[in-house]
Every structure is written in C-alpha cells, then in structure tokens.
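Colleague: Walk me through this one, please. Start with how you name the parts.

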Amino acid sequence: MITMDDIIREGNPTLREVAKEVPFPLSEADIQLGKDMMEFLENSQDPVKAEELNLRGGVGLAAPQLDISKRITAVLVPSSDPENPEPEFKDVLYNPKILSHSVQEACLGEGEGCLSVDREVPGYVVRHARITISYYDMQGKKQKVRLKNYAAIVVQHEIDHLNGVMFYDHINEKNPFSLKEGILVID
Ligand SMILES: CC(C)(C)[C@H](NC(=O)Nc1cc(F)cc(F)c1)C(=O)N(CC(=O)NO)CC1CCCC1
Ligand SMILES: [Zn+2]
C-alpha cells in the first residue's frame with residue numbers, strides 16, 4: 001500500500017525527468033501500480049484512513065512521484081455537488097496526451113500545492129481552462145475525454161509531472177498574482 005513515505009520530494013531528480021511511455025499490453029506490474037496509486041488517493045480522501053495513515057488529501061498522483069519514471073497517473077476528483085456523490089473524474093491514465101485545449105486559460109484562486117512539495121509556493125498557476133485528452137485505461141482501452149474546471153487543472157498538473165514540470169514553474173516570478181484579461185479564476 002502506498003503511503004507518504006513512498007512519495008519523493010522536490011530535489012529528487014526523477015521529478016525533473018521526462019517519463020517513458022508504457023508498452024501495451026500492460027504488464028501485471030503496471031496494472032497493479034495503477035491500482036495502488038488509485039487506492040492511495042481513495043485512502044487519502046477517507047478521513048478515517050487518512051488520519052490513520054497520516055496522508056495528505058490527494059486528488060492526483062503521478063508515477064514519477066513514486067520514483068517510477070513511467071507515463072502513468074491516477075486522478076480522483078471528488079464530486080463538487082453535495083446532491084451527487086459520483087466523483088467528477090476518476091481513472092488511471094496510461095500514456096495520457098492533451099489533444100487540444102481552449103484558448104481561454106484558468107487558475108485555482110488559492111494557487112496550487114503538490115504532494116512532492118513540502119512548502120507553500122504562493123501565486124497563480126495559469127493553465128488551459130478546458131482540455132481534450134486521450135489515454136489508455138487499465139483495461140487497455142483508448143479513452144478520449146473533455147475536461148473543464150477543477151478536473152482539467154488536476155489532469156494538467158499530473159501530466160506536467162510526466163514531463164518533469166512542477167506547478168511553480170508556471171508562476172510569474174515578478175508578480176505571482178498577476179492575471180491577464182479573461183483568465184478564469186476557479187474557487
Ligand atoms: C497537494 C495537495 C494539497 C494534497 C493537493 N490536494 C488538493 O489540492 N486538494 C484536495 C484534496 C482532496 F483530497 C480532495 C480535494 F477535492 C482537493 C493534491 O492532491 N495535489 C495533487 C498532486 O500533488 N499531484 O501531483 C495538488 C493539486 C494542485 C492542483 C491540482 C492538483
Ligand atoms: Zn504534484
């Protein structure tokens with residue numbers, strides 16, 4: 001079972017590598033890794049287990065954060081609608097690709113953090129507001145999905161990890177809270 005001890009922190013060179021595509025058909029090991037990554041996110045969002053295992057509430061995890069330089073990421077974006085318990089987006093993505101994106105940009109009003117970064121880095125992380133991605137799921141089936149709002153931000157944050165990019169690479173050094181016209185601020 002994955003815990004915080006398995007997550008490497010900034011400074012580890014693996015976080016700056018471009019991760020390798022996984023070959024298909026998926027090996028048992030890559031399938032199990034995907035399951036373990038999703039289990040970590042589920043545990044981290046379960047108040048009892050998160051407390052027990054001392055986990056930070058996670059919405060996404062990329063294999064390079066486990067010191068495994070493969071293009072695999074697990075994403076679990078909880079529902080933002082109290083009426084509907086269904087997660088906004090939940091899947092393990094193998095070899096994800098951004099096929100297209102909106103011209104409009106977006107950022108989280110509170111900025112971003114990272115499971116691999118044990119410090120606050122203030123500032124807006126400007127990303128695409130909407131994206132269309134393709135990826136292979138655990139069954140080896142090719143998926144094509146359009147994402148917007150928080151789910152689009154999370155998936156972009158995770159795909160960045162597969163390319164050795166950290167969220168603070170996007171923050172404007174001179175003025176971390178500068179916003180151009182038309183950027184959607186997501187709260
Ligand atoms: C770094 C951390 C603060 C733990 C962040 N969680 C988060 O932003 N809030 C959160 C947690 C929940 F459990 C449920 C929920 F709806 C919201 C996170 O998981 N990540 C993932 C990460 O570090 N992946 O590598 C950072 C997020 C910043 C923007 C997108 C992902
Ligand atoms: Zn991260």
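Modeller: Helices (H or I, at least four residues) and strands (E, at least two) are DSSP runs, numbered from the N terminus. The model is predicted, so local features need pLDDT of at least 70 and side-chain atom pairs pLDDT 80 or more, while totals for chains, interfaces and linings use all residues. Residues count from 1 along each chain as written, chains are lettered from A and ligands numbered from 1 in written order, and side-chain values use heavy atoms, without hydrogens or water.

Colleague: Where is Pro25, then?

Modeller: Pro25 is in the segment before helix H1, which spans 28–44. The peptide bond from Phe24 to Pro25 is cis, its omega being near 0°.

Colleague: And what is the phi of Asn54?

Modeller: Near 60°, which is positive although Asn54 is not a glycine. Most residues other than glycine have a negative phi, and most peptide bonds are trans. Asn54 belongs to the loop that joins helix H2 (47–53) to strand E1 (60–62).

Colleague: New topic. Which residues coordinate the zinc ion?

Modeller: Cys114 through SG, and His157 and His161 through NE2, at 2.1 to 2.3 Å from the zinc ion, ligand 2. Donors are N, O and S atoms within 2.8 Å of the metal (3.2 Å for Na, K and Ca); water is not among the atoms, so a site may look incomplete.

Colleague: How are the donors spaced along the chain?

Modeller: As C-x42-H-x3-H. His157 and His161 are four residues apart in helix H3, so about one helical turn separates them.

Colleague: How many residues surround ligand 1?

Modeller: 18, with Gly57, Gln65, Leu115, Glu158 and His161 the closest; being near takes a heavy atom within 4 Å. Helix H3 (residues 149–162) gives the largest share of this shell, five residues.

Colleague: Which atoms of Glu158 face a nitrogen of ligand 1, and at what distance?

Modeller: An N or O atom in the Glu158 side chain is 2.6 Å from a nitrogen atom of ligand 1. A backbone N or O atom of Gly60 lies 3.1 Å from a ligand 1 nitrogen, and one of Leu115 lies 2.8 Å from a ligand 1 oxygen.

Definitions and conventions
Polar contact = N/O pair within 3.5 Å; in protein donor to acceptor, adjacent residues only side chain to side chain.
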